[in-house]
Amino acid sequence: MLLLVLGKGKTGSLVAQVARERGHGVRVLDLTENRHASALTGPLLAGVDAVIDFTAAEAAIANMRAVLSLGGRIVVGTTGWYEHLDDMKALAIRRGGALLYGTNFSIGVQKLFRLTAELAKLEGYEFSVSETHHESKLDAPSGTAITLQGIIEAAQPGIKVEVTSHRVGDAKGEHIVTAKSPDDTLELRHDTHSRRAFALGAVRAAEWLANNSGAFDFREIFDQL
């Protein structure tokens, strides 16, 4: 496969490295080479099996529009753009392209989502979510924390789950779900030690997406990887 990675930050660079390790051809574009998605033309995308985006919210929106308008396939690990999700889904379907998005591409975090759904069935508990990321992460709370919040609130209609965000140094990512009652406390915790977990999940997602069309949440398909 030939993969096009958008973004040369810490995660994007690691995505390119992991893709090469898995035997794929890789091209990489940074922001200066792809301002306003200007590099994402038909000729460039003609031989690309899938695009992987780890940029920033505004750039990701332009990148998705460009790729999907040409019927391409794109995996989006960038967060903070979900107010445009319905439009992107519709574009993917209308143009016969493929969109795979997720707030977190770590398989461990996907398991955390499922465990949280089970924990959220408890009655008589007060739930909260805490997350810690590196200082340069722009969106707060994180997309992962918002997903956890949504999972709990869906299971407990009418409640509002508090989310606490911290930005510390080069923290890779920590998420804690707490369920507290007058009698006891339960916690689910996921600590990321390396961004490689995100990178590997994104590359495996691109491998899957190369043979599919439509719009998909990573939570829905990660069991198929």
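Contact here means heavy atoms within 4.5 Å. By that criterion, E33 is in contact with K8, V28 and A39, leaving aside its neighbours within four places in sequence. The model is predicted. Its chain has eight helices and ten strands. The radius of gyration is 18 Å, close to the 17 Å that the globule rule gives for 225 residues, so the chain is as compact as a globular protein of that length.

**Overall form**

- The C-alpha trace of the chain spans about 65 × 35 × 30 Å along its principal axes.
- Of the 225 residues in the chain, 49% count as buried.
- Take the contacts between residues at least 6 apart in sequence: 68% of them join residues at least 24 apart.

**Surface and charge**

- The chain has an accessible surface of about 10600 Å².
- Carbon and sulfur atoms account for 50% of that surface.
- The chain carries 24 positive and 27 negative charges.

**The loop between strand 2 and helix 2**

- Strand 2 covers 25-29 and helix 2 covers 42-45, and H36 lies in the loop between them.
- H36 is not a glycine, yet its phi is positive, at about 55 degrees.
- A37 is not a glycine either, and has a positive phi of about 60 degrees.
- Exposed means over 50% relative accessible area and buried means under 20%.
- H36 has 73% relative accessibility, so H36 counts as exposed.
- A37 has a relative accessible area of 9%, so A37 is buried.
- E33 has a relative accessible area of 38%, so E33 is partly exposed.
- The C-alpha atoms of E33 and Q156 are separated by 46 Å. Along the chain, E33 and Q156 are 123 residues apart.

**Aromatic pairs**

- A search of the whole structure finds six aromatic pairs.
- In F105 and F218, the ring centres are 4.5 Å apart and the planes are at 40 degrees, so the pair is tilted.
- F105 lies in the loop between strand 5 (98-101) and helix 5 (107-119), while F218 lies in helix 8 (residues 218-221), so the pair ties together parts that are 113 residues apart in sequence.
- F105 and F218 are both buried.
- W81, Y82 and Y101 form one aromatic cluster.

- S181 sits in the loop between strand 8 (174-180) and strand 9 (185-191).
- The relative accessibility of S181 is 14%, so S181 counts as buried.
- S181 touches G124 and Y125, not counting residues up to four places away in sequence.

How values were computed
Residues numbered from 1 in each chain as written. Predicted model: local features only at pLDDT ≥ 70, side-chain atom pairs only at ≥ 80, totals over all residues. Heavy atoms only, no water. Helix = DSSP H or I, 4+ residues; strand = E, 2+ residues; numbered from the N terminus. Rg over C-alpha atoms; globule rule 2.2 N^0.38 Å. Buried < 20%, exposed > 50% of the residue type's maximum accessible area, 1.4 Å probe, protein only. Areas by Shrake-Rupley, 256 points an atom, 1.4 Å probe, with all protein chains shown as cover. Lys, Arg positive; Asp, Glu negative; His and termini not counted. Charge placed at Lys NZ, Arg CZ, Asp CG, Glu CD. Phe/Tyr/Trp six-rings, centres within 6.5 Å; stacked < 30°, edge-to-face > 60°.
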